[in-house]
Amino acid sequence: QVQLVESGGGLVQAGGSLRLSCAASGRIFRIKDMGWYRQGPGKSRELVGISGGGATNYADSVKGRFTISRDNAKNTVSLQMNNLEPEDTAVYYCKAAVSSGRGWFDSWGQGTQVTVSS
């Protein structure tokens, strides 16, 4: 079993910053991709950014404002969010493509709420 645990969500005013963290634990042989998704009120879950294969890709809506950092030795990933906008309000989920040695599967965190007030 693999568990992803997020932390760092909360309430912030527009223009403010938050940092989310995610730690993976359990039967992990290797993690390929690791990153963040979000689901706003009444919206579908969407990609925020993902790190893998030596590159990090971001959604256009967050480019220049959000930064993903990954520590492969610790199986952690963080999301630094600057200049937050009310449209960034969502539940943020950590996701990892994990191998326990018998194939690959996607593992998700439980989500952490980010609320940006105007």
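In the predicted model, the side chains of Asp 88 and Arg 38 meet in a salt bridge, with N and O 2.9 Å apart. This pair links distant parts of the chain, since Asp 88 lies in the loop between β8 (76–81) and β9 (90–99), whereas Arg 38 belongs to strand β4 (residues 30–39), 50 residues apart. Asp 88 is buried, its relative accessible area being 1%, and Arg 38, with a relative accessible area of 6%, is buried as well; both values fall under the 20% that marks a buried residue.

Each of these two residues also takes part in a further salt bridge. Asp 88 meets Arg 65 at an N to O distance of 2.7 Å, and this pair, too, links distant parts of the chain: Arg 65 is in the loop between β6 (55–58) and β7 (66–71), and Asp 88, in the loop between β8 and β9, is 23 residues apart from it. Both Arg 65 and Asp 88 are buried. Arg 38, for its part, forms a salt bridge with Glu 46, the closest N and O atoms of which are 2.7 Å apart. Glu 46 counts as partly exposed, because its relative accessibility is 36%, a value between the 20% limit for buried residues and the 50% limit for exposed ones. Together with Glu 85, the residues Arg 38, Glu 46, Arg 65 and Asp 88 are linked in a network of salt bridges, and the structure as a whole holds six salt bridges.

Turning to the strands, four of them form an open sheet in the order β1-β3-β8-β7, with antiparallel pairing. Strands β1 (2–7) and β7 are the edge strands, each of which pairs on one side only. Neighbouring strands of this sheet are turned against each other by 15° on average, when direction is ignored. Within the sheet, strand β3 (residues 18–26) pairs with β8 in the antiparallel sense over six bridges, and Ala 23 stands opposite Thr 76 in β8. In general, the strands of a sheet pair through backbone hydrogen bonds, in either a parallel or an antiparallel manner.

The largest nonpolar core has 26 residues, and those with the most contacts inside it are Met 34, Trp 36, Phe 66, Leu 79, Met 81 and Tyr 92. At least two residues of this core are supplied by each of the strands β1, β3, β4, β7, β8, β9 and β11 (112–117), and β9 gives the most, with five residues. In soluble globular proteins, nonpolar side chains tend to be buried together. When neighbours within four places in sequence are left aside, Phe 66 is in contact with residues including Leu 79, Met 81 and Tyr 92, which are also among the core residues with the most contacts.

How values were computed. Residues are numbered from 1 along each chain as its sequence is written. This is a predicted model: local features need pLDDT of at least 70, side-chain atom pairs count only at pLDDT 80 or more; totals for chains, interfaces and linings use all residues. Side-chain values use heavy atoms; hydrogens and water are left out. A salt bridge is a side-chain nitrogen of Lys or Arg within 4 Å of a carboxyl oxygen of Asp or Glu. Buried means under 20% relative accessible area, exposed over 50%, partly exposed in between (1.4 Å probe, protein chains only). Helices (H or I, at least four residues) and strands (E, at least two) are DSSP runs, numbered from the N terminus. Two strands pair if DSSP finds at least two bridges between them. Axes are lines fitted to C-alpha atoms, for helices over the stretch in contact, and angles run from 0 to 180 degrees between N-to-C directions. A nonpolar core is a set of buried Ala, Val, Leu, Ile, Met, Phe, Trp, Tyr and Cys residues joined through side-chain atoms within 4.5 Å. Contact means heavy atoms within 4.5 Å.
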